[in-house]
Amino acid sequence: MEVKFLFTQFLAVLGAVLYFLSYQCRENRKLYTTQFFSYLFYTVHFILLGAMTGGFSYILNLARSLFLAGRWKFGRSRKMCAILCSIQVVVLVTTWAGCISFLPICANIALTVGGYTHNPQKIRIAGIFINSPLWILYDLIIGSWAGAIDELASMVSGIISIQRYGWNNLNEKND
């Protein structure tokens, strides 16, 4: 195997480990801070794979994590959610590579909307049932094997967190 390919997959593995750990954080701020670093590895991973829609949409995930983990009121507002979702559509149009481009954009919009509810239950629902399945398809199509495994692990991590904290205990806004 080529060294560049192995390095690219290794970046995704680092991102996967951090993302898995993020769902084990009960506080949303810690969850988003951990996800920020995961997204950083994934941004580079996708760009190295030539998957520009995935790479650029992950840059918006970095911003989303910073805003949701931060204390800037506007960054945590519904208006910022709308702005981020709108920019995702701009990324879709500017990096269009066919219908495959819908997968990461729809995944990220779902997780952005879920995140801006500030409700741990809704964040996990968006992640487990929408975000991860769409990213798995995208990862398999573009050759991000570690990314697909990460999304499966993320789904498992979300389920573990529900078991750990209890479904009803996750049904409250949490900053």
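Analyst: Let us begin with a term: a cavity is a set of grid points where a 1.4 Å probe fits but cannot get out, and its lining residues have an atom within 4 Å of a point. The model shown here is predicted.

User: How many cavities of 30 Å³ or more does the structure hold?

Analyst: In general, rolling a probe the size of a water molecule over the atoms shows where empty space is left. Here the structure holds 2 such cavities.

User: Which element gives the most to the lining of the largest cavity?

Analyst: Helix α2 does, with 3 residues. The residues lining the largest cavity include Tyr39, Tyr58, Asn108 and Trp135. By class, this lining divides into 6 nonpolar, 4 polar and 2 charged residues. For the second largest cavity, α2 again gives the most, with 3 residues.

User: What is the angle at which α3 and α5 pack?

Analyst: Two packed helices are described by the angle between their axes and the distance between the axes. Helix α3 (residues 52–69) and helix α5 (residues 102–115) pack at about 5°, with axes 10 Å apart. Angles under 35 degrees count as roughly parallel, so α3 is roughly parallel to α5. Among the contacting residues are Tyr58 and Asn61 of α3 and Asn108 and Leu111 of α5.

User: Is Thr43 buried or exposed?

Analyst: Buried means under 20% relative accessible area. Thr43, found in helix α2, counts as buried because its relative accessibility is 7%.

Definitions and conventions
Residues are numbered from 1 along each chain as its sequence is written. This is a predicted model: local features need pLDDT of at least 70, side-chain atom pairs count only at pLDDT 80 or more; totals for chains, interfaces and linings use all residues. Side-chain values use heavy atoms; hydrogens and water are left out. Axes are lines fitted to C-alpha atoms, for helices over the stretch in contact, and angles run from 0 to 180 degrees between N-to-C directions. Helices (H or I, at least four residues) and strands (E, at least two) are DSSP runs, numbered from the N terminus. Angles under 35 degrees count as roughly parallel, over 145 as roughly antiparallel, 65 to 115 as roughly perpendicular and the rest as oblique. Contact means heavy atoms within 4.5 Å. Buried means under 20% relative accessible area, exposed over 50%, partly exposed in between (1.4 Å probe, protein chains only). On a 1 Å grid over the protein atoms alone, a cavity is a set of points where a 1.4 Å probe fits but cannot get out, and a pocket is an open set with protein on both sides within 12 Å along at least five of seven lines; lining residues have an atom within 4 Å of a point. Grid points are joined across faces, edges and corners, and a volume is the space filled by probe spheres set on the points. Ala, Val, Leu, Ile, Met, Phe, Trp, Tyr, Cys and Pro count as nonpolar, Asp, Glu, Lys and Arg as charged, and the others, Gly among them, as polar.
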